[in-house]
Amino acid sequence: MAESRTGPRSLRDGPDEFRQFVAARSAALLRTAYLLVGDWSHAEDVLQTALTRTYVAWRRLGEIEAAEAYTRRVLVTTATSWWRRRWHGERPSEVLPEPAVGDATDGWLDRTELWRHVRSLPARQRAVLVLRFYEDLTEVETARVLGVAVGTVKSHCARALATLRTRLAESGVEAAVPSLAPQAGPLDQPVRGSLQEGVRDGAA
Amino acid sequence: MGLLEDELRRTLADRVASPPAVEHLADRAIAGAARLRRGRALAASLATAALVALAGGAAVAIVGDPPREHTAIPGPSASVAPVPPVAGLPTDVLVLDAAGRGWILTRDGDSVPLREAAAQAWRVDDGWLVVSADGRRLWLVTGSGSRTTLVEGESVMVSEGTAQRPGIQVAWAAGGVLRLGTFVDGRIDNPVTATGVRAASGVNLRPWRVVGETLVLAGTTIGGGLDVWDYWTPARGEFVPSGTGSANPAGLLAVLGVSGNRALGISANGPGDTSGCLGEFDPDGLVPLRSACTHTFSVGVDVGIVPSPDGRWWAVIRTGGVALYDADSVWTGASPVRTWATAAVAVGWRDGSTLFALDKAGTVVTLSAAAASPLATLPLPPHVWPVLPIPDLRS
């Protein structure tokens, strides 16, 4: 596959280049989809929809980087679609339909419980948390993906974190961790770190 | 960065540490895209179709995108032959074939081609009113399949008439301009117009349904779901957005159906709510009139309320099935009279006590208020994508 000599790769040979794009990025996108919808089967469904729409728009996307951004945007929009939530019967719930995964008890917090509370958040708040704290997008980048104002991202994020703190406190976590209270500091800093890179950047 | 934020990042990473392998994503996407192009952006427009399809119709409510179980992407040998009629249907049904073309299968045993994908249809005296898959055009289609475009806009709506606005009501919106007229003798009569039809938050509003003398409007914020509600009562003059920049008039979370000249839905208790009490609203103002908090209704769980033609029963479409409520005792907290484990895409009423549901697998299920189990099931032809049952608005 020839690449342009300068700048990003361009999309010329449709099907083959698309297959390469999917092979390289689908695992990461599937992970994001799962965090948005909470179920692997639904995540595959959402990802398939996003990739189908991406291929429809493939030639006009122009660049691989644009394609991934486009796919992510369609992914998030589809996952948070009210209709899709209706269809799959997703609801904010205290009851998870799937068993807990992994050892979640190292550290001060049972991560299974935290994940349960994350899943109970409204879809849009959950999407903001996933984009900010898993995808490590800035507020501006998150706003662009969601197609909303930066202020909306900030308020969704703040409300989501506040809800999590409240529910964890109700679960008795606050008593064990006094510093669970909101930390001073701007939320407009990029939430970038190294924790997820080894997981996120892995190809399929 | 706080402890919670750190733990959140670790938690999210842990959850996806071992994703399952998924095969053939690219091939399925390529095949699906080809089908989309043939079917005029079918998948994208069906999300719109779901929005449009909720915008009216007698005694039918639908939810969600078409059943995925019945939408396996066809291979190169997929049939593009005419869709055969189906004997014994309890109602007309709108379907799509493998090439993305629309068809009407009638309960009289006919099969009417539409040539394009369609989002919703209504049976009228002259044939069918059909909304295009992109939600922008309203056609009048005759039994032979001939088609006339009646209106065109960004969104169109057909709604059963009311005592205050008799006759089949048609509304269409474009660029913030909304028109509402009556379908008479194959044309739209006496349209009235409102301008600046946007929510206080700036969200575009689409016509949802005529209730009493009021046109209920709906819009979406993020993601395409109906989560913004407003109204226009033509007799009071121009449209004025209600609310204060937040999504909805105070006390309203979602509208789920109509009973007489009242809207039925979910009363919100506070901002950010996704559940609330069953509520009844005056459509003129979307003002709460009464509520029953022994019934908790949730967005995404309870997705439609469809009263029977005589108002005696309510069919409630919810996650996991259909529930039947006595319309009189529901306000005093009575439990459902019946519950059926039918994963319904849409329900409609055949008569005062018999209803049908279209399930995810493309099966038409006949239910009765008098029976705990379905009376009959009838599958649709293979390689056909079910869209909706078609309400009968004939005089």
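Strands β7 (residues 137–141) and β8 of chain B run antiparallel and are joined by five bridges. This is a predicted model. Chain A has 11 helices and zero strands. Eight aromatic pairs occur over all chains.

- β7 and β8 belong to an open sheet of four strands in chain B, ordered β5-β6-β7-β8, with antiparallel pairing.
- Its edge strands are β5 (118–124) and β8 (147–152) of chain B, and each of them pairs on one side only.
- From one strand to the next, the twist averages 25 degrees.
- B:R137 has its bridge partner in β8(B), namely B:E152.

**Chain B: the sheet β4-β3-β2-β28**

- Another open sheet of chain B has four strands in the order β4-β3-β2-β28, and its pairing is antiparallel.
- β4 (111–113) and β28 (384–389) of chain B are the edge strands, each pairing on one side only.
- Here the twist averages 30 degrees from one strand to the next.
- Within this sheet, β2 (residues 93–97) and β3 (residues 102–105) of chain B pair in the antiparallel sense over four bridges.
- B:L94 has B:I104 in β3(B) as its bridge partner.

- β16 (residues 252–259) of chain B is mostly covered, with seven of its eight residues buried.
- β16(B) runs antiparallel to β17 (residues 262–267) of chain B, and six bridges join the two.
- The two strands form a hairpin with two residues between them.
- B:G260 lies in the turn and has a positive phi of about 60 degrees.
- B:S259 stands opposite B:R262 in β17(B).
- In a regular strand, side chains alternate between the two faces of the sheet.

- Along the sequence, chain A reads α-α-α-α-α-α-α-α-α-α-α.
- Chain A has 204 residues, of which 50% count as buried.
- A packed helix pair is described by the angle between the axes and the distance between them.
- Helices α7 (residues 123–133) and α8 (residues 139–146) of chain A pack at about 135 degrees, with axes 10 Å apart.
- That angle makes α7(A) oblique to α8(A).
- The crossing of α7(A) past α8(A) is right-handed.
- Helices α6 (residues 111–119) and α9 (residues 150–170) of chain A cross at roughly 130 degrees, and their axes come within 10 Å.
- α6(A) and α9(A) are therefore oblique to each other.
- α6(A) passes α9(A) in a right-handed crossing.

**Chain A: aromatic pairs**

- A:F18 and A:W58 form an edge-to-face pair, with 5.2 Å from centre to centre and 85 degrees between the planes.
- A:F18 lies in helix α1 (residues 14–37) of chain A and A:W58 in helix α3 (residues 58–61) of chain A, so the pair ties together parts that are 40 residues apart in sequence.
- A:F18 has a relative accessible area of 0% and is buried.
- A:W58 is buried too, with a relative accessible area of 1%.
- A:Y34 and A:W40 have ring centres 4.1 Å apart and planes at 20 degrees, so this pair is stacked.
- Planes under 30 degrees apart count as stacked.
- A:Y34 counts as buried at 1% relative accessibility.
- A:W40 is partly exposed, with a relative accessible area of 21%.
- The cut-off for buried is under 20% relative accessible area.
- Ring pairs also link A:F18, A:F21, A:Y55 and A:W58 into a cluster.

**Chain B: charges over rings**

- B:R312 places its charged end over the ring of B:W313, at 4.2 Å from the ring centre.
- The charged end of B:R318 sits over the ring of B:F297, 5.4 Å from the centre of that ring.

Technical notes
Residues numbered from 1 in each chain as written. Chains lettered and ligands numbered in written order. Predicted model: local features only at pLDDT ≥ 70, side-chain atom pairs only at ≥ 80, totals over all residues. Heavy atoms only, no water. Phe/Tyr/Trp six-rings, centres within 6.5 Å; stacked < 30°, edge-to-face > 60°. Buried < 20%, exposed > 50% of the residue type's maximum accessible area, 1.4 Å probe, protein only. Lys NZ or Arg CZ within 6 Å of the ring centre and 35° of its normal. Pairing = 2+ DSSP bridges. Axes fitted to C-alpha atoms, helices over the stretch in contact; angles between N-to-C directions. Parallel < 35°, antiparallel > 145°, perpendicular 65-115°, else oblique. Left-handed = near helix turned anticlockwise from the far one by under 90°.
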